[in-house]
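Morning, everyone. Please look at the sequence and the structure on the screen. I will go through a few points.

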Amino acid sequence: MTESRSKGLVLNNVAIRDHERELFCIDATVRPGEVLTVMGPSGSGKSTLLNLVSGFLPPAFSYTGRVLLDGVDITQAPPEERHVGLMFQDPLLFPHMSVEDNLLFALPKDGGKDERCQKVRAALAAVNMEELGARDPMTLSGGQQSRISLIRLLLSEPKALLLDEPFSALDSGLKGKVRDFVFSQAQQRQLPTILVTHDEADAQRAGGNIITI
Amino acid sequence: MIAVLTLPLLAGFAGVLLPAFGYFPSLGGISFTFEYLFAVTEKPGFWHSLHLSLWIGLATTFLSLVLVAGFFAANWGSPTFLRIQRFISPLMSVPHAAVAFGLAFLIAPSGWIMRLCSPWATGFDRPPDWLIVNDPMGYALLLGLILKEVPFLFLVGLSASSQINVDERLKLARSIGYGRMWGWMITVFPSLYKLMRLPVIAVIAYSTSVVDMAIILGPNFPAMLPVQLLRWMNDPELEMRFIAAAGAVWQLGATLFAVLIWWLGEKIIGCAFRRAAIHGNRLAKDGWMRGGVSGLMLILVTISVLSFVILFLWSIAGFWRFPNTLPDQFSLMRWMANAGMLIDPTANALLIAVLSTGIALVMSLGCLENEYRHNIEFTPGALRVLYLPLLVPQIAFLFGISTLLVRFGWDGQLAPVVFAHLLFVLPYVFLSVAAPFRQFDLRYLRVAAALGVNQNKAFFTVRLPLLLKPILLATALGMAVSIAQYLPTLMIGAGRVETITTEAVALAAGGDRRLIGIYAMVQALLPAIGFVAAAFAPKFLYPNKRYFAS
């Protein structure tokens, strides 16, 4: 395999079993900047797939197959060494830290204190939210919280994005905006992305392949 | 309910403060003076006692909290966590005095550990002349208290964890590269600690003023301040009453001071945490730390289990020479010989436990139902009132109440003792029954109402039966708390209401290990029987009902 072909997230014949029952089997490649949408009714194991890729598969499940990220087999790696970013339905900004501290928390440790603060401010400024830095996350609107949580995720420099129904808690007015924001950021950084959703509109907008399980 | 909890406290304080400042008409003190507050500080060893209370209290709280937090951080959601968790509730139900005796039998120079290692490893064929139990710095007491407080904080931590999204926080932290422990520490612990704060302060209050465990394990010359206080209170010379009351005021101050130091520590550590959290250090390689903390927890659980085993062994031991691992023969002779002596204290303990728990249960359920019917919000303030009896050193206000009781001639009777137990039983019963009560699926009640059943009938025929399991558990917990109470029984009962616990602690000085083993076993078994009964009763009461089966 050449370097360029191995870039991206590969699900190599991944099958997950809940005790004896096989939930699904997926064989797919997500190239940098592409979005793979996984759809299915609740209980079909969509989130379980994300748990497997991120390293949080509960012991009750078993699996076969391999997960490769940029050519490296991460199937057995501990979660903290995978560089796979998760975005949940709730923004999960830590309520005991300011917005800026939430972002600093995610930023890898290199450079001095000032340099790191600069990076965080730049990240906020790039999306025109620099005035939110000092705020208490609990005082932000739902849409702002979602966007900050994505910025936090991106600052941690992941090599792939996993989105677990991240738009379903937003009301329909905001949904489109936040969705566009997330997809354009993923596109810009050329991140392979897996989106789990049950909303047809999410899948349409994502533009990539759609797998229904 | 608020009155039940606060009035006795206020009365108790009055009963302590007045004599401390010299006002006690029946003893001829009618003028206010600071004399006794100074006089008590001149008693030999006073400052040392005070210092012991502070150090034991703070060290117990700090080490227990670090151990519990470390264990949660290292193992949350892992099989190890579940394995240890199974031991915690039973350990929590063992009364303090029994834990202390078991530990003493384990670590004393002639204790089981020494026997197991002798003579092959130590070369001793007689017990060495070391002061391990009752050591002057109180390390034995510290260990005993940690054995008791770790299960308590563990359960508190579990219930707090169920109120915040621990799993998701941890997932988020780990997916961006944080190690398990450090990730838990900075994303979960700050929120968790907020919910655990009152119980943590209760641990400080308890361990700065502990009496029963201190009598058994603690230093003697001088003893911790609360033990010293108890001696003064029972001094035949009436003048000592003033001194004791003044000492109780100092005890109150010592506990308050310990809480103040804790509060300062909280601020400093909190600040350090906030700084460390945004440095970006991932600390992903934490395998050795995780192993270390889990190992410590395992040792603690092992010690607890072994102390229970050694109590049992001594209670049936025949002749048992020093370095031998086991007694030469076993016999039930001492059990038989003491059966008659055991009946009264056991019956008393059960009677007090049943009455105080029963009242606590009725009050708690009444309060909760009232809260539901009138849509009353349960505020943090109300929670603080509920915790109040646990946040104040027992000895300080019980002494006040007992002085008042003597005045009215009510001392040494059962009713005031039951009432004193109620103070400490009520918070536990309420807190343990409140969560399931509030999580109750209200649609059952709506169905009942739609069928034309009135509120009272629905309460008794629908809500209570469906809540049978948590109610029985709360009952078992309440009875365990009551059975373990030493000081309220002793002081309010004026030494005339004897329970298995007061009798067991009274044996501490005698050092008859077989007899102590028997009393401590009975003391530990009573709550255990309660919990087992609570677990099985629903299945017997409702056979063939899957709802009650698991």
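Which residue of β2(A) is the bridge partner of V10(A)? It is T29(A). Keep in mind that this is a predicted model.

Now the strands around that pair. β1 of chain A covers residues 9–18. Eight bridges join β1(A) to β2(A), and the two run antiparallel. The sheet they belong to is open and has four strands. Its order in chain A is β2-β1-β4-β5, with antiparallel pairing. At the edges stand β2(A), residues 21–30, and β5(A), residues 72–73. Each has a single partner strand, so one side of each lacks a neighbour in the sheet.

What packs on this sheet? Helix α2 of chain A does, residues 46–54. The helix touches β1, β2 and β4 of chain A, where β4 is 61–69. The directions of α2(A) and β1(A) make about 120 degrees.

Over to chain B, and one arginine. R334(B) sits in helix α15 of chain B, residues 333–373. Leaving out residues up to four places away in sequence, R334(B) touches R514(B), L515(B) and I518(B). A276(B) is 58 residues from R334(B) in sequence, and 59 Å away in space, C-alpha to C-alpha.

Last, confidence. Chain B has a mean pLDDT of 87, with 97% of its residues at 70 or more. Among the elements of chain B, helix α3(B), residues 46–75, has the highest mean, 94. Helix α1(B), residues 2–20, has the lowest, 74. For the complex, the predictor gives an ipTM of 0.81 and a pTM of 0.87.

Definitions and conventions
Residues numbered from 1 in each chain as written. Chains lettered and ligands numbered in written order. Predicted model: local features only at pLDDT ≥ 70, side-chain atom pairs only at ≥ 80, totals over all residues. Pairing = 2+ DSSP bridges. Contact = placed C-beta atoms within 7 Å. Axes fitted to C-alpha atoms, helices over the stretch in contact; angles between N-to-C directions. pLDDT = per-residue confidence, 0-100.
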